[in-house]
Amino acid sequence: MNATMSLEKVKHYPVMLNHILSIISPQHGGTFIDCTFGGGGYSKAILNFPKTKVIAIDRDRLTKAHADFLLKKFPERFNFFQDKFSNINKVVEDNTNPKAIIFDLGLSSFQILDKERGFSFDSKNFLNMEMGINEYSAYDVVNSLDKDHLATIIKVLGEEKDGRLIANKIDKYRKKKLIKTSQELSSIINDAKKNYNKHKKNPSTKTFQAIRIFVNKELTELISGLIESAKLLKNGGKLIVVSFHSLEDKIVKNFFNLYSSLKKNPSRYLPKKENNPSLFEMISKKPLVADANEVKENIRSRSAKLRYAIRNDDSFVYPVEFKKRFVNYFKLEEGRI
Ligand SMILES: C[S@@+](CC[C@H](N)C(=O)[O-])C[C@H]1O[C@@H](n2cnc3c(N)ncnc32)[C@H](O)[C@@H]1O
């Protein structure tokens, strides 16, 4: 599969789209920023409302094919940048005043299904796992990264308790023969976890997650993306994030909890924020989740958590405490290959 893989060929489900639309009310018009364009599901749904404009970003060059389709259809109202969303302030003008900035994290169905990308366990192609604009691939990571750092990555970014065991197996194997495909990597991990209950998830799931996060520096991208978005949003603008695993959700939750006041019924039991500026107002501390019908239709939506908050000022104060809280992720995702 490649750039020509079209929206028509792969059944595409934009996760929690109805929730997104009811939060952003595109029927009233305005400019919206889709930070994770993917197959263009959100962008297209917003552009179907006549008074809207969409600025979309995606680091994956293959998404350009989907973007071209929308550029042709909505030349006056759509713009696309192939970039990382941490660069949002470099590609979007300061005075844009978006009504909402939206993140739908992780991989698109196009990326998962594209065997050439090496995201799936059974891919016999080059061990790649790059979303786009990367410094190194999964091949570089598993064959060259220091064994201790590899073990820490698997443990922390994959929440895999057997990180050390798996890193040792990988190290032993790579000394004899370079690991070239995802299938090879998966069979090494399965060997390390041979006592694992196979009725649970695939034994490679957590390690693949860890390596993918590391290759794409996903957590630090998210941290920077949230901070940069808060800079760009003006009073009333909404920041919306759909996340798919606990590491991502923890980052989003911390950001909103540290820098928001609750709009209704603030609980007197909530810890008082010390010296943290209130950048946002939150409607609820609880995330929204997909309903049963959506989960039935699209299993990926089962783990989706949607959090959002509304910017309550035009001025910006740097979220020092938030950055400090996750400084370890910056150390961990630093390239040392
Ligand atoms: C789950 S998909 C988005 C699907 C999209 N909402 C739709 O309806 O088609 C996530 C997309 O975000 C992109 N992405 C992930 N991290 C990114 C980053 N740091 N900067 C830019 N794009 C990113 C991926 O390349 C992928 O195409």
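**Exercise 1.** Determine which ring lies under the charged end of Arg-300, and at what distance from its centre.

Solution. The ring is that of Phe-244, and the charged end of Arg-300 sits over it, 3.9 Å from its centre. The criterion is that NZ of Lys or CZ of Arg is within 6 Å of the ring centre and within 35 degrees of the ring normal. Lys-323 has its charged end over the ring of Phe-330, 4.9 Å from the centre.

The model is predicted: local features need pLDDT of at least 70, side-chain atom pairs count only at pLDDT 80 or more, and totals for chains, interfaces and linings use all residues. Residues are numbered from 1 along each chain as its sequence is written, and side-chain values use heavy atoms, with hydrogens and water left out.

**Exercise 2.** Count the aromatic pairs, then classify Phe-85 with Phe-103.

Solution. Rings of Phe, Tyr and Trp (its six-membered ring) pair if their centres lie within 6.5 Å; planes under 30 degrees apart are stacked, over 60 edge-to-face, and the rest tilted. By this rule there are 14 aromatic pairs. Phe-85 and Phe-103 are edge-to-face, with 4.8 Å between centres and 85° between planes. Both residues are buried (under 20% relative accessible area, 1.4 Å probe, protein chains only).

**Exercise 3.** Classify the pair Tyr-136 and Phe-214, and state whether its residues are buried or exposed (over 50% relative accessible area).

Solution. The centres are 5.5 Å apart and the planes 25°, so the pair is stacked. Tyr-136 and Phe-214 are each buried.

**Exercise 4.** List the members of the aromatic cluster that includes Phe-255.
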